Amino acid sequence: MTLDEPDAPLGNPESAAVLANGDMAVATSSPAAVHLFDDRGRYIQQIGDQGSGPFEYQNPSIVRTDGSTVYVWDSEQLRLLAFDDEGREIDEWIHFSQALADFDVEEETLLGYRSGIRSGAFVSGQQIEDGEGIFATGEVTDEHVVLSFLDGSGTLRASQEHVYYASPARASIYAYDRDLGQTQTYHIEDGDFSVNEFAQNLTDRESIIDYVTENSRFYKLNVLADQSFLAALQHGSITYGDDGLSDFDRALNIHHVGEEGQAKGCEQIELDFESTGDDPIIGYTDNGFIFLETEQENGDLTYRIYLMGLDGENH
């Protein structure tokens with residue numbers, strides 16, 4: 001669907017979530033806002049407002065939903081806001097101290113994929129009311145740290161008693177059982193996936209840029225309604241010259257993986273720097289990924305959002 005423009009310019013969609021009634025919440029930057037659209041892309045209203053007061057945000061970088069509640073993560077103020085499906089305020093939590101690259105909410109627990117860390121566990125569960133830690137899992141490596149600098153790195157989904165996540169540096173799905181405190185690993189066979197050892201200093205900016213533009217990454221993971229997985233692995237390269245970008249050769253291998261880790265199929269999608277960039281997946285549904293394309297004509301930007309399903313096609 002094509003998104004209608006609200007009264008203010010709709011700038012840079014960063015994240016989206018589809019509610020049970022078919023409406024879609026879309027978080028944008030420049031300006032920072034969360035907008036609500038119906039299932040045909042028609043604009044309904046803005047949710048919350050930019051600011052530092054109650055139920056306000058400075059950078060609403062992630063939106064998620066349980067079907068009826070819209071959860072908004074403000075990555076600048078490290079706060080989580082909750083609104084109902086008509087944009088009314090429900091609750092907010094402001095006690096967090098760690099930045100998140102992705103999250104999910106299960107009852108009274110915030111399940112978070114921690115960003116900006118160089119050691120320790122990168123996936124955690126904590127009580128949503130007071131931030132008390134429940135569990136932590138996921139091993140950080142130098143390759144994980146470096147590939148996490150790319151936009152869109154960090155992916156986590158929750159389903160029943162499990163938390164599913166992936167490191168950008170490994171072609172594997174991790175299933176953490178919250179009841180047993182145990183992790184099961186499902187490796188994905190992908191001949192295009194290649195992550196080399198990062199042997200430089202983590203403060204060497206030039207080495208980091210070279211590394212992230214030459215290596216693959218596990219980009220996005222989703223758990224579907226039938227408990228199987230969609231795993232988007234990104235590969236290819238980006239080349240910069242003296243005058244900026246000189247070559248963009250990136251693609252996504254979308255793997256369908258059974259609930260026991262068995263391979264069920266794979267589709268490849270070529271990315272385009274102008275329309276998709278390096279980070280086109282902005283959300284999840286029970287049936288696939290929410291995929292963003294941008295079209296520019298005569299200086300005007302048009303945003304189109306698709307559901308990418310099991311066949312790798314946009315719907």
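This is a predicted model: local features need pLDDT of at least 70, side-chain atom pairs count only at pLDDT 80 or more; totals for chains, interfaces and linings use all residues.
Visitor: Which peptide bond is cis, and what is its omega near?

Guide: Most peptide bonds are trans. In the loop between strand 2 (24–28) and strand 3 (33–37) one finds P31. The bond leading from S30 to P31 is cis, and its omega is near 5°.

Visitor: What is the phi of S30 near?

Guide: Most residues other than glycine have a negative phi. S30 lies in the loop between strand 2 and strand 3. Although S30 is a residue other than glycine, its phi is positive, near 45°.

Visitor: Is S30 buried or exposed?

Guide: A residue counts as exposed when its relative accessible area is over 50%. The relative accessibility of S30 is 51%, so S30 is exposed.

Visitor: Where is F55 placed, and what is its phi?

Guide: F55 belongs to the loop between strand 5 (49–50) and strand 6 (56–57). F55 is not a glycine, yet its phi is positive, at about 60°.

Visitor: Is F55 buried or exposed?

Guide: The term buried applies under 20% relative accessible area. F55 has a relative accessible area of 14%, and therefore F55 is buried.

Visitor: Which residues form a nonpolar patch on the surface, and what is their accessible area together?

Guide: One of the residues in this patch is Y240, which lies in strand 20 (residues 229–241).

Notes: Residues are numbered from 1 along each chain as its sequence is written. Side-chain values use heavy atoms; hydrogens and water are left out. Helices (H or I, at least four residues) and strands (E, at least two) are DSSP runs, numbered from the N terminus. Buried means under 20% relative accessible area, exposed over 50%, partly exposed in between (1.4 Å probe, protein chains only). Patches are made of residues with over 30% relative accessible area and no salt bridge: like charges are joined within 9 Å, nonpolar side chains (Val, Leu, Ile, Met, Phe, Trp, Tyr) within 5 Å. Accessible areas come from the Shrake-Rupley method with a 1.4 Å probe; for residues, only the protein chains shown count as cover. A salt bridge is a side-chain nitrogen of Lys or Arg within 4 Å of a carboxyl oxygen of Asp or Glu.
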